[in-house]
Amino acid sequence: MIKVNQLNKYFGDLHVLKDIDMNVNRGEVVVVIGPSGSGKTTLLRSLNILETPESGEITIGERSLDFSRPQKKKQLVEFRKQTGMVFQNHNLFPHLTAVQNVMEGPVTVQKTPKTEAKKKAADILNKVGLGDKLDVYPHQLSGGQQQRVGIARALATGVEVILFDEPTSALDPELVADVLDVMKELAEEGMTMVVVTHEMKFAEEVADRVIFMDQGTIVEEGTPDEVFHSTKEPRTQQFLQRIG
Ligand code: ADP
């Protein structure tokens with residue numbers, strides 16, 4: 001479903017992604033872990049073309065981008081439509097209700113008729129446990145509920161891949177579980193997911209594969225059991241010890 005080949009990204013002189021190779025199969029849940037500043041978010045944002053790598057290729061589904069060549073804007077737009085992204089801070093429109101936030105993408109990007117988009121948005125909000133909050137504005141929702149609207153937004157355009165960038169790290173601890181439960185449910189339904197998170201328990205329970213990054217490289221990848229309990233990589237061991 002996703003294939004990353006020799007991806008490099010710089011911020012000025014800072015080499016943030018160094019020859020990254022990565023594959024994600026359809027229906028797979030891949031959790032990316034690693035120390036702060038190791039490039040996890042930049043990798044995820046590159047998959048959604050929120051960052052533009054300097055070289056390398058990304059294939060998602062049927063579409064490929066080769067970053068060593070100039071890209072046409074239309075190509076980038078089409079490529080980006082294939083993935084949904086859930087951010088640390090939900091990025092909801094404050095002046096739109098929950099249901100309006102969720103139907104916004106389908107209506108403006110996919111030109112879905114409003115009544116149809118609204119019905120679908122309501123169904124999705126129902127699915128993430130917010131069926132009673134359709135007409136409520138973001139400021140009237142808890143952080144965890146806002147984040148679930150964020151997930152509903154990502155789902156609304158019918159994407160096959162969802163990228164999660166530390167979806168629970170801005171939440172109060174008691175709100176984290178609801179968001180993780182929704183993510184778990186999506187995983188069980190076969191959604192392809194790449195998740196940057198510090199929630200090791202979630203990674204252990206839900207991930208098919210864990211990728212450990214450090215200093216812009218993928219140091220190792222394996223099943224949660226391999227990475228968390230039997231790694232021989234000193235850098236992984238050190239990281240796991242530090243986070244306890
Ligand atoms: P992580 O998600 O693992 O914490 P990031 O991908 O956010 O790491 O960042 C990797 C490195 O790139 C860090 O050194 C960070 O400071 C730097 N960086 C990230 N975004 C930018 C940016 N927009 N401009 C300059 N440097 C950036």
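**A walk from a salt bridge to a helix**

Let's begin with Arg209 and Glu221, which form a salt bridge with their closest N and O atoms 2.3 Å apart. The term stands for a side-chain nitrogen of Lys or Arg within 4 Å of a carboxyl oxygen of Asp or Glu. Arg209 sits in strand β9 (residues 209-214) and Glu221 in strand β10 (residues 217-222), so the pair ties together parts that are 12 residues apart in sequence. Helices (H or I, at least four residues) and strands (E, at least two) are DSSP runs, numbered from the N terminus. Arg209 is buried, at 14% relative accessible area, while Glu221 is partly exposed at 37%. Here buried means under 20% relative accessible area, exposed over 50%, and partly exposed in between (1.4 Å probe, protein chains only). Salt bridges that share partners also bring in Glu28, joining Glu28, Arg209 and Glu221 into one network.

This is a predicted model, where local features need pLDDT of at least 70, side-chain atom pairs count only at pLDDT 80 or more, and totals for chains, interfaces and linings use all residues. Residues are numbered from 1 along each chain as its sequence is written, and side-chain values use heavy atoms, with hydrogens and water left out.

Another salt bridge links Lys127 and Glu189, with 2.5 Å between the closest N and O atoms. Lys127 belongs to helix α4 and Glu189 to the loop between α6 (173-188) and β8 (192-196), so this pair ties together parts 62 residues apart in sequence.

Now find helix α3 (residues 98-108), where 8 of the 11 residues are buried. Among them are Ala98, Val99 and Met103. The buried residues of α3 pack against α4 (114-127) and α5 (143-156), contact meaning heavy atoms within 4.5 Å.
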